[in-house]
Amino acid sequence: MTGAAQTKPSIVPHKKKNIWKTLWEQKQLMLMSVPVLLYVFLFNYFPLWGWITAFQKYKPKLGVTGSEWVEFENFRWIFSRQDFLYSIRNTLAMSLINLVFGTVSSILLAILLNEVRNRAFKRTVQTVTYLPHFLSMVIVVGMAQNIFASNGPVNSLLVSLGLVKDPIFFLGEPKIFWWLVGVINVWKEVGWNSIIYISTMTSIDPTLYEAASIDGAGRFQRILNVTLPGIKSTFVVLLIMNIGHLMEAGFEIQYLMENSQVVDFSRTIDVFALKYGIGGHADYGYARGVAAGMFKSVVGIILLFGANFIAKKLDEETLI
Amino acid sequence: MRKILAGILAMVMIFSLCSMAVADDKNVITVTVFRGDPGDQPTDDNRIYKMIEEEFGIKFEIEFLAGDLDETLGTKIAGEDYPDLFDGGNSAEKIISAGALIDLLPYITEEKTPNLYNHIKDLLPQLVNENGELFIIPNYGINYNDQIQNYCNGPAFFIQKQVLEWGNYPEIKTLNEYFDLIERFIAANPTDENGTPYTGFAILCEGWRHFCLINPVQHLMGRPNDGEVLIDVTTDEYKTETFIDKPYAKAYYKKLNEEYKKGLISKDTFVMNFDQYIAALSSGTVLGMFDQTWDFGSATQALETAGMYKNTFLALPLVYDSEYVDGKEIEEHYLNGSVPNKDRGFGISVNCEYPERLIDLFENLLSDRWQKILQWGIEGEDYYVENGRMLMTEEQYKQRSDAAWKRANTAIAIWESAPKKQGTQDDGNAWAHSDQPENYFNLMSDYDKAFLAAYGKKTPAQFFNAPLQIAPYGEAWQIDKTPIQDDYNDYLAIQDAQLPKIIMSADDAEFDANWDAFVAEIAPSAQIYTDFMQAEVLKLVEQATK
């Protein structure tokens, strides 16, 4: 991963080789990629066929062939809903918060750990910070609901320190919801996300640090002028990938923390698709869910290509 | 070593093949079951299921609801992945409309299935849909002989018995009296013995159980449970209206707002899920709530198992104080005549390969012998008979509310959704062991005996007026809202979102502003809902009088 990101492989075709010959020469590699291709086809491309139901009054019992065609009825319906427009806003907002919080916090943690010379301490911190990644979101949300309850530890602390007079209604206050999700996500993923940056940093040539020291750079200057440029290409690749995922603000955490008080700020497109699709109208439900999901995918693709295009213009690493 | 291991494995395989072959000979079938409620999985050696397996050759593989009901049903419908026995719980209309269930009527005849036939024949006109099909045999509400009502199983305002005890057993009839007593109790006892603060009043708002938030007003106005409409039964027009947006509803939420400001209602109650609610009730620190008895049964059982009888709840039929309703005196009518629980219970899915055998099973389970086994247990083990009366020892009675014991010794997971006999048997014994008067009085806890004696009552049901004669339309909450489901869902979602905000208003000006915004926002969907319900009620009345 890091090697590829560091040295740009320059494959200059000397003479036009027969593509079949090349394939044959790399047959082991080809064989190894078959399962992945199969997986992508089966689970990512094949289901796209189901998008057709977004234009139907789809009933599973009647199937695609038996269900009535309704043109853009389902799209008209979801776009006429205030809560769908809210869910687009919430998806983008929470994604951006997650992106900024997640990236900044994991780079910060990676830099701090990179500067630690005591190996035992470094290892311990690394392990402790990435352990929450393996917890199921159900458990994390359960813990968060206790911690942030009106009589939970956070409120007790704030009240006893005199910072607030009445407990803050963390779980039911719409304005807090996005930030709460951001904080919980950081807590859960910061260790995991920083691994990739730490490994990039370890591959930075130590002679660069030595040269910088000889030139009189302090610790802070070395971070600024050696470490950060060293992880720049990794950062850009990850950023492009994350922008492609911008429409996926997550599903579990919003689904689990939703309640009638915060729903206008908590519902993402995924949760909307579930509530109105699987859990919704007996006749129109499924197709509405598909329509919402389809909208999300299309926007996601546009965002991914857009980010890639801009990165290319900036002469940075690109993904495609 | 390896050879020996291989040999053993081979033997095991052969054995298992043999046992499968034997089972095939007896034709034991495994029936998949879905229950639209959470529940406890029975143990493998459960003795009642063992009897069913021996007698009918039927084993059950039961799936209980985990998570959201509508989403679970939607997933099953999308994959057409139906269990053999399908209980869609509170959203059964959804699986019926998806065509997941078979029409049961062709299987039910006077000759072949006399028990089932007699069970439903009088109610058939109100149970079948407009095409004359019956998909689900009601799980509750079909009474034989006299109905026994020792306690109110339906909606009511609840209050911990210790609060009444502390207040020297006052008569609590109105909303103001109720909250006044709780206020005074909390002022005198802010925390329980362990130092946990008491919560004055809890409101469950999660999912379909939001009836705790949105239903009380009709009862305060003196009507039994019609769901979300108030119906004037005094005239032939059966004028139907939504009550939630009316001035008389404002009075209730105004009262809740006052209690919120006094600290009796905690903000957390509006973001609580059902599990957290049950945990709060089971801890004994919630003093009151509006709910239905069956809804928090697991909390009651937990409190009783822990011996915390003073923390269990008494149901009270509260009405508005006359000051709220232009000086009118309102008569309470919480209890209603029994209505069959239409479209609630087991249906048989289109995927089921042996509908006849399942019909045959229910036919037999409806026999007197099996009803006794299911509701009372085995004579000599779970109860005894003295002078023709079915009785239980204290231990036998108590263990029937112990969750762990029930998993091993009752078929409750099947029984709850299956057609059953309620009321009294021909020999005068009650069908349900808990209804049997001797059991109910003699075996209730000493605390409860003293509590009722202090009030001079024999049963908790005596706090209520006698059940009303059932209205010709039944109970309006049973009306299928599928034709207007988008508007109906909006109608409910607006209440879910706005009512908590209204209750949590900081002052009167904010309360009034929130209330006016709510009434304006809900007006369009409320109108559609009212029109629909009015038409349906009239249709049902016409059907009943035909």
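Q: Let's start with charged side chains. What do the side chains of Lys342(B) and Asp343(B) meet in?
A: Side chains of opposite charge can pair when their charged atoms come close. Keep in mind that this is a predicted model. Here Lys342(B) and Asp343(B) form a salt bridge, with 3.8 Å from N to O. Lys342(B) is partly exposed, at 24% relative accessible area, while Asp343(B) counts as buried at 13%.

Q: How many salt bridges does the rule count over all chains?
A: The count comes to 34. One of them joins Glu536(B) to Lys539(B), at 3.1 Å from N to O. These two sit three residues apart in helix 22 of chain B, so about one helical turn separates them. Glu536(B) is buried, with 18% relative accessible area. Salt bridges can also link up: Arg35(B), Asp37(B), Asp87(B) and Glu416(B) are joined in a network.

Q: Okay, next up is where the chains touch. How many residues does the contact take from chain B and from chain A?
A: The size of an interface is often given as the accessible area lost when the parts come together. In this model, chain B and chain A bury about 2200 Å² between them, and 48% of that is on carbon and sulfur atoms. The contact takes 26 residues from chain B and 26 residues from chain A. Glu71(B), Val271(B) and Asp486(B) supply 26% of the area that chain B buries against chain A. Asp486(B) also forms a salt bridge with Arg288(A), where the closest N and O atoms are 2.9 Å apart.

Q: Last one, sheets. What order do the four strands of the open sheet in chain B have?
A: Strands of a sheet pair through backbone hydrogen bonds, either parallel or antiparallel. This sheet runs 2-1-3-10, with mixed pairing. Strand 2 (58-64) and strand 10 (347-348) of chain B stand at the edges with a single partner strand each, so one side of each has no neighbour in the sheet. Strand 1 and strand 3 of chain B pair in the parallel sense over two bridges, and Val33(B) stands opposite Leu85(B) in strand 3.

Definitions and conventions:
Residues numbered from 1 in each chain as written. Chains lettered and ligands numbered in written order. Predicted model: local features only at pLDDT ≥ 70, side-chain atom pairs only at ≥ 80, totals over all residues. Heavy atoms only, no water. Pairing = 2+ DSSP bridges. Contact = heavy atoms within 4.5 Å. Buried area = accessible area lost by both parts, 1.4 Å probe. Salt bridge = Lys/Arg side-chain N within 4 Å of Asp/Glu carboxyl O. Buried < 20%, exposed > 50% of the residue type's maximum accessible area, 1.4 Å probe, protein only.
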